[in-house]
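Please find below a short note for a reader who is coming to this structure for the first time. The points follow the display of the sequence and the model.

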Amino acid sequence: MLVVVRLMVQINDTIVGIATPIGEGGISIIRISGEKALEILYDIFTFSGELKKNIRDIQERKFYLGKVYDEKRLLDQCMAVYMKGPRSYTGEDVVEIHCHGGILVTKKILELILHNGVRLAEPGEFTKRAFLNGKINLAQAEAVIDVITARSDSALDSAVKQLEGKLGEAIDGIMRNIEAMLANVEADIDFPDEDLDLLSVKDMEALLEECIKKIDALIKEADTGRVLREGVNTVIVGRPNVGKSSLLNALVREDKAIVTNIPGTTRDIIEDYIQIKGFLFKIIDTAGFRETEDIIEKIGLEKSYEKLQKADLVLIVMDASQALLGEEHDFIKKIIEMKDKVMIIINKVDLEKVIVRKDLVSSIFPGTKVLEISATEKVGLKLLEEEIINMVFEGKLSPGQDYLVTRVRHKNLLINAKKRLEDARETISRGLAEEFLSIDLRDAWRLLGQITGNAVDEDIIDKIFSEFCIGK
């Protein structure tokens, strides 16, 4: 019998947290969740209007005007709303108090609630309770933080699809097929002499192939999904004074980096984010590569090489008015051999060109994309952005497209689950005992269950929710 090992706990305490960013603003929201939520509201909130005399007549999901007092001291005039469990975000009784958005008044109301026997929520604990109470699966819970932290249209679209449960639906479909195979195998093990209507070997192999194929499709989209979530690591490299910092400034459309004619001006890494056609790019300007005895510049170059190792895209900048040097040739060749996605950008085409030409560079580095621009004069930048999109996504991606796997955790679990199913396929082909097949199928099921939360332990849950802010 297959046992679901999703963590189940008894939650008896009531928690409170500030659900809006700390600081001055129009409104602050203080959220209370647990069996004492409504009782706390009755204790600290004085209702206005009809409900003032009959507070027990409070209606769900209706905002009420009132005042919060600390004994006789008025703290603020607020709005309050009550959401009865399980029809709430956490699945428990939830109360929200909407006060004025000041740091001090929010702190005072929070302290008042804490003095009434409520515990301060841990990071992500409201969403954690939503998961534990079966309101969302674990992949949806992780999508909550992705929605909050999304910095591009594509990242937001991907996170919202996960929040809707589309990744969970895909995983659940595969898990149901595994459950069907397990039930078939275990029935044959437990009742070998019974005339049962079981799947044939051919049917089992076909079902295994279907599961492997679906998992493989999810794995293949994982790297693109990560890029959508985290942004495309785009590293700008080249000799000093070729216009790397000018290119960064042109792409981010502000003077982010200092630009001078002095070689070695950029000694540290400079980073910024931009959106190109709805996709997020992390643009990284690096120190110009050259032989140097300057210890600070050397440190900058070491950091540059570290960034190169992690780059999704490398933009090699050259100066159209300068000849191609031997060390520059060797450096570019090394990068092309090291990274898959490399583009050579010949900058300063507004100046008089010398030896370096687009066709010349193309012949020296065949197969590498070459573009001509002027970063300072904003020439060729739109074409550059279009080529960047085409190169990174190979013309196959568009905003709104489904890319459900965006986390390394999910990808690794999928890879391991696929391996277990391949082991199961091998077990069948070699005619090994069904007990071995059962073990392979159970392992695959548990690995997939760690994505949705159907088979997950407390340590993994705590680690995931530690990424959240308090109040969410």
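1. The average pLDDT of the protein is 84, and 85% of the residues score at least 70; pLDDT is the predictor's confidence in each residue, from 0 to 100. This is a predicted model, in which local features need pLDDT of at least 70 and side-chain atom pairs count only at pLDDT 80 or more, while totals for chains, interfaces and linings use all residues. Residues are numbered from 1 along each chain as its sequence is written, and side-chain values use heavy atoms, without hydrogens and water.

2. Over residues 1-9, pLDDT stays under 50, and the model has 27 contacts (heavy atoms within 4.5 Å) beyond four places in sequence for them. Residues 262-267 also stay under 50, with 19 such contacts. Where pLDDT is low, the predicted coordinates should not be read in detail.

3. Strand β4 (residues 64-70) runs antiparallel to strand β3 (residues 45-47), joined by three bridges. Strands are DSSP runs of E, at least two residues long, numbered from the N terminus, and two strands pair if DSSP finds at least two bridges between them. Phe-45 has Val-68 of β4 as its bridge partner.

4. Strand β5 (residues 73-83) is joined to β4 by seven bridges, again antiparallel. Here Val-68 stands opposite Asp-76 of β5. Two residues lie between the strands of this hairpin, where Glu-71 takes a positive phi near 60°.

5. Leu-65 lies in strand β4. Leu-65 counts as partly exposed because its relative accessibility is 40%, the class between buried (under 20% relative accessible area) and exposed (over 50%), with a 1.4 Å probe and protein chains only.

Conventions
Helix = DSSP H or I, 4+ residues; strand = E, 2+ residues; numbered from the N terminus.
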